[in-house]
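The sequence and structure come first, and the notes follow by topic.

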Amino acid sequence: MTYPKNILIRNIGKLYGINEEPYSFKKGKALAITGIASNQYLYIKDGTIASYGPDSQCAITEPHTPIDAQSGIVMPTYVDSHTHIVFAASRDEEFVLRLQGATYEEIAESGGGILNSAKKLELTSHENLYISAKKRLDQMIAMGTGSVEIKSGYGLTFDAEIKMLEVIKELKATTDADIKATFLGAHAVPTRYKDNRDTYIDIIINKMLPYVAENQLADYCDVFCDQGFYTVEETAQILTAANSYGLKAKIHANELGVTGGVQVGVAHDAISVDHLECTTESEWQVLMSSDTIPTLLPGTSFYLRIPYAEARSMIDYGLGVVLASDFNPGSTPSGSMHFIQSLGCIYQRMLPIETFNATTYNAAAALELQDRVGSITLGKQANIQIIKSLSDLNQIPYYYGSNPTDITLLRGKIQ
Ligand code: NIG
Ligand code: FE
């Protein structure tokens, strides 16, 4: 039996994330505000949100596929603006080493960490990388995620970095999720360039970046600007080159130390600076007077047992934040945005509604998708999740550790 493409969701207990105003990134107190309506219907036509309103007034007569939300929640899908889901193998041995007392940095210094992932990725075929990444992506979609940024950075040679970006390109072509690709050649310094860092940076700037740009393999350029990884000066050099190829910056900053990552990101008009576990008021000040988005990754703090970014203070200071999963094999192997909401509440003292906006409405801007996704808005892509068993938004982070999403719709298609 074939079902009509148009979909009518009836019996919605609460519809969250309604916004018919022009887009405005939510900062400070505004982060705790969203449009909410009870007892609604929502109609999807040609993949977009065609109408919604009181269920009692629903008058759709066109052929459609019906869905009963059973008085549950309907809300936009998550936008996960920072992930590393293309990788060759698990690093569970490092997980055990850390339990035995080693730190993330010690493991990285002894050739583990990112370099360990790079070694494994070099030996893995495009096809196998695609198959495993697609499984992760599909699992994330089943957990309510609809838009995902994916980084390279486990290649660290020309061929392997390009292989990763080609895998991301194939993911883009074979999913209904919105995918953005980020080139992260400067994720770690390969061992053979340890005493000759400039040579590797030269390869990034003069070989990798031109090829990536010419073949349109990336939307953004990232650098792991942090203690023990890339310096502020090196980051500036790489971002300047990336800008000259039309690639906007989106960087890892201030995870392991207060090293000037935020400042160099802002100076290069980065779309976002991500991590921010180690910041002071001067970083917040710089962010306040810029359009660069502070993106926090509480999964990493949880998994590595490092301090959390000070979300509460940053929001009270007036900033708007985004939360993302950072799904990767080393520092946080999970793509559950429900759990990210729980961590945001429990460890970062955000309100459930704030974590909702930080993973949907605000997060859309961190991928420049705010005109298409992130809210319930007429004409926007029908990227919607249905949670039948819950009756209030607060219950999503409250019931931590489960996947309450029953149905994910992307571009109006049931996944
Ligand atoms: O975002 N911080 C840098 N990169 C990743 C970790 C990558 C890894 O350990 O494999 C992160 O946490
Ligand atoms: Fe990361």
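Helix H4 (residues 126–142) packs against helix H5 at about 50 degrees, the two axes lying 10 Å apart. The model is predicted: local features need pLDDT of at least 70 and side-chain atom pairs count only at pLDDT 80 or more, while totals for chains, interfaces and linings use all residues. Residues are numbered from 1 along each chain as its sequence is written, chains are lettered from A and ligands numbered from 1 in the order in which they are written, and side-chain values use heavy atoms, with hydrogens and water left out.

**H4 and H5**

- H4 and H5 are therefore oblique to each other (angles under 35 degrees count as roughly parallel, over 145 as roughly antiparallel, 65 to 115 as roughly perpendicular and the rest as oblique).
- Axes are lines fitted to C-alpha atoms, for helices over the stretch in contact, and angles run from 0 to 180 degrees between N-to-C directions.
- The two helices, H4 and H5, cross in a right-handed sense (the near helix is turned clockwise from the far one by less than a right angle).
- On the H4 side, His126, Leu129, Tyr130, Ala133, Lys134 and Leu137 meet Lys163, Glu166, Val167, Glu170 and Leu171 of H5, where contact means heavy atoms within 4.5 Å.
- By class, the residues of this contact between H4 and H5 are six nonpolar, one polar and four charged (Ala, Val, Leu, Ile, Met, Phe, Trp, Tyr, Cys and Pro count as nonpolar, Asp, Glu, Lys and Arg as charged, and the others, Gly among them, as polar).

**H5 and H6**

- The axes of H5 (residues 158–173) and H6 (residues 197–214) come within 10 Å and cross at roughly 25 degrees, which makes H5 roughly parallel to H6.
- The crossing of H5 and H6 is right-handed.
- Phe158, Glu161, Ile162 and Leu165 of H5 make the contact with Lys207, Met208, Tyr211 and Val212 of H6.
- The residues of the H5 and H6 contact comprise six nonpolar, no polar and two charged.

**Loop residue Ser336**

- Ser336 lies in the loop between strand E13 (322–323) and helix H12 (337–346).
- Ser336 counts as buried, at 10% relative accessibility (buried means under 20% relative accessible area, with a 1.4 Å probe and protein chains only).
- Its side chain reaches the backbone nitrogen of Phe339 at 3.0 Å.

**Loop residue Val373**

- Val373 sits in the loop between helix H14 (361–365) and strand E14 (384–387).
- With a relative accessible area of 2%, Val373 is buried.
- Leaving aside neighbours within four places in sequence, the contacts of Val373 include Val79, Ser147, Asp178 and Lys380.

Definitions and conventions. Helix = DSSP H or I, 4+ residues; strand = E, 2+ residues; numbered from the N terminus. Buried < 20%, exposed > 50% of the residue type's maximum accessible area, 1.4 Å probe, protein only. Polar contact = N/O pair within 3.5 Å; in protein donor to acceptor, adjacent residues only side chain to side chain.
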